[in-house]
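Keep the sequence and the coordinates open while you read.

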Amino acid sequence: MAETINSLEDLGTVAPVVANEAPVHVQKLDKEGRAYATGKRKNAIARVWVKPGSGKITVNGKDYNAFFARPVLQMILQQPIVAASRVDQYDVVATVSGGGLSGQAGAVRHGISQALTHYEPELRAVLKKGGFLTRDSRVVERKKYGKAKARRSFQFSKR
């Protein structure tokens, strides 16, 4: 703001301020041509690598069908890939720890979504609209003293 404006006539001569353009997302790959991302849900943390391939998904060294036996969890894992129309185009390798199976599946889904946007930045709009890039911040509430659980009180008896 080098110029000082003293009157309304001077206001017309001032160059308009250009609005900030949307941030440009660039491809982020490691030396081996893989995209890396970390996904989180509840207490589970997943480290995910995505690279071009035949569509094989590996979790902790096992096929994802063997690691997540329930069909619902398998569907959760595939949601970002299906939404991006990239089925059978990328191999996914994930290591996940902490939490239970549901939280781990959510963490891997979050990681796959992030890694896909690192590999193909154009997919960001599709995945963002589907809600796959947002970290689900809900965690278990801590237990309070004087309570049986976080909010549950002990049974009350008048006698």
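A residue counts as buried when its relative accessible area is under 20%, as exposed when that area is over 50%, and as partly exposed in between. Tyr119 has a relative accessible area of 16%, so Tyr119 is buried. The model is predicted.

## Helix H3 against helix H4

Start with two helices. H3 covers residues 71-83 and H4 covers residues 101-119. They pack at an angle of about 10 degrees. Their axes lie 8 Å apart. Angles under 35 degrees count as roughly parallel, and H3 and H4 are therefore roughly parallel to each other.

Which residues in H3 meet H4? They are Leu73, Ile76, Leu77, Gln79, Pro80 and Ile81. On the H4 side, the partners are Leu101, Ser102, Ala105, Gly106, Val108, Arg109, Ile112, Ser113 and Leu116. Sorted by class, this contact holds 10 nonpolar, four polar and one charged residues.

Gly106 sits in H4. Its relative accessibility is 10%, so Gly106 counts as buried. Setting aside residues up to four places away in sequence, Gly106 touches Arg41 and Ile76. Gly106 and Val92 are 14 residues apart in sequence, and their C-alpha atoms are 15 Å apart in space.

Arg109 is also found in H4. Its relative accessible area is 25%, so Arg109 is partly exposed. Arg109 is in contact with Ile76, Gln79, Pro80 and Phe132, leaving aside neighbours within four places in sequence. Arg109 and Arg47 are 62 residues apart along the chain, with 11 Å between their C-alpha atoms.

## The largest nonpolar core

The largest nonpolar core has 31 residues. Val48, Val59, Leu77 and Leu116 touch the most other members. S1, S2, strand S3 (57-59), helix H2 (64-67), H3, S5 and H4 each supply at least two residues of this core. Which element gives the most? H4 does, with seven residues.

Take Val59 from that group. Not counting residues up to four places away in sequence, Val59 touches Tyr64, Phe67, Phe68, Leu77, Ala94 and Val96.

## Aromatic pairs

There are three aromatic pairs. In one of them, the ring centres of Tyr36 and Trp49 are 5.2 Å apart, and the planes stand at 45 degrees, so the pair is tilted. Tyr36 lies in strand S1 (residues 35-41) and Trp49 in strand S2 (residues 44-52). The two residues are 13 residues apart, and the pair links distant parts of the chain. Trp49 has a relative accessible area of 18%, so Trp49 is buried.

Tyr90 and Tyr119 form an edge-to-face pair. Their centres are 5.3 Å apart, with 75 degrees between the planes. Tyr90 is in strand S5 (residues 90-97) and Tyr119 is in H4, so the pair ties together parts that are 29 residues apart in sequence. Tyr90 has 9% relative accessibility, so Tyr90 counts as buried. Tyr119 is buried too, at 16%.

## His118

His118 lies in H4. Its relative accessible area is 18%, so His118 is buried. What does His118 touch? Its contacts are Val26, Gln27, Lys28, Ala35, Tyr36 and Ala37, not counting residues up to four places away in sequence. Tyr36 is the residue whose ring pairs with Trp49.

## Two loop residues with positive phi

Lys42 is placed in the loop between S1 and S2. Its phi is near 50 degrees, a positive value in a residue other than glycine. Lys42 has a relative accessible area of 41%, so Lys42 is partly exposed.

Asp88 lies in the loop between H3 and S5. Phi of Asp88 is near 60 degrees, again positive in a residue other than glycine. Asp88 has 54% relative accessibility, so Asp88 counts as exposed.

Notes
Residues are numbered from 1 along each chain as its sequence is written. This is a predicted model: local features need pLDDT of at least 70, side-chain atom pairs count only at pLDDT 80 or more; totals for chains, interfaces and linings use all residues. Side-chain values use heavy atoms; hydrogens and water are left out. Axes are lines fitted to C-alpha atoms, for helices over the stretch in contact, and angles run from 0 to 180 degrees between N-to-C directions. Helices (H or I, at least four residues) and strands (E, at least two) are DSSP runs, numbered from the N terminus. Angles under 35 degrees count as roughly parallel, over 145 as roughly antiparallel, 65 to 115 as roughly perpendicular and the rest as oblique. Contact means heavy atoms within 4.5 Å. Ala, Val, Leu, Ile, Met, Phe, Trp, Tyr, Cys and Pro count as nonpolar, Asp, Glu, Lys and Arg as charged, and the others, Gly among them, as polar. Rings of Phe, Tyr and Trp (its six-membered ring) pair if their centres lie within 6.5 Å; planes under 30 degrees apart count as stacked, over 60 as edge-to-face and the rest as tilted. Buried means under 20% relative accessible area, exposed over 50%, partly exposed in between (1.4 Å probe, protein chains only). A nonpolar core is a set of buried Ala, Val, Leu, Ile, Met, Phe, Trp, Tyr and Cys residues joined through side-chain atoms within 4.5 Å.
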